[in-house]
Amino acid sequence: MSAFSPDGTLLASASDDSTIRILDSNTGQELKILRGHSNSVTSLSFTSDGKQLASASSDGTIRVWDPIPQTTVLEGHTDMITSVSFSSDGKRIASSSYDKTLRLWDVQTGKEIMVLEGHNDQIIRVIFSPDDKLLASSSGTIFLWDAETGKKIYELEGHAARTALLFSPDSKTLYSASFRSDNDTIKVWDLEKKEEIMKFRERTDGTFNISLSPNGNMMALASADNSIRLRDVKKWIELKRVNGDSEFVISALFSPDGKFLASTESENSSSPKGGGNTIWLRDANTLKKIKSFNGHKKTVGNISFTPDSNFLASGSTDKSLRIWDVNTGKELIALPHTEEVFGVSFSPDGKKMASVPRGRTIRLWNIEPYINFLHNSKPTPLYHTFIDAVKFLWQLDVQGLEIVETKRRTPTDLKKYGSLLAPPPPGQSKFDQVLEWAQKQQEQ
């Protein structure tokens, strides 16, 4: 049993094992497995807009699923995009590109706000300062920009190679790290004095990524010598060092709660452990492995935690972006891409996610239903409020999303839920309308 979405991009396939698999119809890549029926699925049908899928089963139930989250495509760059960064208020995204420009985008509308020009070489990284007042960008030379006006404030010279960037929590200090072994240095910049105040040679054949612990006391370095290093930021002494399973470590990222460090490595076919395809979750202080996230077929490069540290997103050269449950290690969803995924970042509220496939566009995903509702295994009040609204709209008695029997709406129901009878606002699905209503009930 199978069904195509109206636009032909998705294929839903069901079998006697009671599961439904969502596939990218162009590549055949499995994007998601839908589990819930207790017996074989006998019928599948997409809604006319392709946003929901209905399934019927010989277990006597009908289920309705939201197979893939909504996405907005941000277009404007004329060459490959290299990085994205959300502002701390979640209202803007900054992007950098090989076209030597930075661009600011409105998250709500997906429209371009402004273009920042001045770099003479390909831009590798852009980040917002925690207070949202500054943007830092690097192409070897580091530029500091006024994040509101887009005006360049000053330049910081010193690295001969492409650099990673990181602000201190108070936005007063900037850290930069060189990618290349001929200039393998970490520099510390005082942004008020506009000068380099410290410089450290790492001797690691290049530092690919740096991350600060939430309290700003420790820095994690992912290095080309296949090591992860923890350093005391003030004394710059090495606290801990471990080696990866592959050729070199690409990323090492602290979780926002400071408990974990997630690491990714390069793909190396000669590695008996296949380290390049695996994401490791480690203890942030000891670097001891806690669990692994397995599912990617090729090298995993960029990763991002949700603000509550409960979920992790990963982008890979296997042309997939996946979201994982940090507590269980289980994959929640794989999001379709036609190109390798070089960047991923959660918004500060955890409701949206930006991905950077190889190319000139940014994809902005609405993942709120997946993080806050569909994959929440606990019987939260929000879940029950949402289901009550579904019961009203469908005039059904529903358990989970299983239809049990029909019932009539009562005057009390009409008073409480009547606003849901109106069509959803432009650009919003019925699912989103019900979810928004349920959240407002929780706020009251």
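This is a predicted model: local features need pLDDT of at least 70, side-chain atom pairs count only at pLDDT 80 or more; totals for chains, interfaces and linings use all residues.
## Overall composition and confidence

The protein contains four helices and 37 strands. Of its 444 residues, 53% are buried. When contacts between residues at least 6 apart in sequence are considered, 42% of them join residues at least 24 apart.

The average pLDDT of the protein is 84, and 87% of the residues score at least 70. Over residues 269-274 the pLDDT stays under 50. For that segment the model has three contacts beyond four places in sequence.

## The sheet β1 to β4

Four strands, in the order β1-β2-β3-β4, form an open sheet with antiparallel pairing. Its edge strands are β1 (2-4) and β4 (30-34), each of which pairs on one side only. Neighbouring strands are turned against each other by 20° on average, direction ignored.

Within this sheet, three bridges connect β1 with strand β2 (residues 10-14) in the antiparallel sense. Ser2 has Ser13 of β2 as its bridge partner.

Strand β11 (residues 101-106) pairs with β12 over five bridges in the antiparallel sense. In this pairing, Trp105 stands opposite Glu112 of β12.

Strand β26 (residues 260-265) is largely enclosed by the rest of the structure, because six of its six residues are buried. Both of its faces are covered. Phe260, Ala262 and Thr264 are buried on one side, and Leu261, Ser263 and Glu265 are buried on the other.

Two strands pair with β26. Strand β25 (residues 249-254) runs antiparallel to β26 and is joined to it by five bridges, with Val249 having Glu265 as its bridge partner. β25 and β26 form a hairpin with five residues between them, and Gly258 in the turn has a positive phi of about 80°. Strand β27 (residues 279-283) also pairs with β26 in the antiparallel sense, over four bridges. Here the bridge partner of Ser263 is Trp280 in β27.

Asn226 lies in the loop between β22 (218-223) and β23 (227-232). Its relative accessibility is 12%, and it therefore counts as buried, the cut-off being under 20%. Leaving aside residues up to four places away in sequence, Asn226 touches Val242, Asn243, Gly244, Asp245, Ser246, Glu247, Phe248 and Val249. One of these contacts, Val249, is the residue whose bridge partner in β26 is Glu265.

Lys291 belongs to strand β28 (residues 289-293). Its relative accessibility is 22%, so Lys291 counts as partly exposed. Apart from neighbours within four places in sequence, Lys291 is in contact with Ile279, Trp280, Leu281, Val326, Asn327, Thr328 and Gly329. Among them, Trp280 is the bridge partner of Ser263. Val326 is 35 residues from Lys291 along the chain, and the C-alpha atoms of the two are separated by 9.0 Å.

## The largest nonpolar core

In soluble globular proteins, nonpolar side chains tend to be buried together. The largest nonpolar core of this model has 14 residues. Those with the most contacts inside the core are Phe386, Ala389, Tyr417, Leu420, Val434 and Trp437. Helices α2 (381-394) and α4 (430-443) each supply at least two residues of the core, and α2 gives the most, with seven residues.

Ala389 illustrates the packing within this group. Not counting residues up to four places away in sequence, Ala389 touches Tyr417, Leu420, Val434 and Trp437.

Technical notes. Residues are numbered from 1 along each chain as its sequence is written. Side-chain values use heavy atoms; hydrogens and water are left out. Buried means under 20% relative accessible area, exposed over 50%, partly exposed in between (1.4 Å probe, protein chains only). Contact means heavy atoms within 4.5 Å. pLDDT is the predictor's confidence in each residue, from 0 to 100. Two strands pair if DSSP finds at least two bridges between them. Axes are lines fitted to C-alpha atoms, for helices over the stretch in contact, and angles run from 0 to 180 degrees between N-to-C directions. A nonpolar core is a set of buried Ala, Val, Leu, Ile, Met, Phe, Trp, Tyr and Cys residues joined through side-chain atoms within 4.5 Å.
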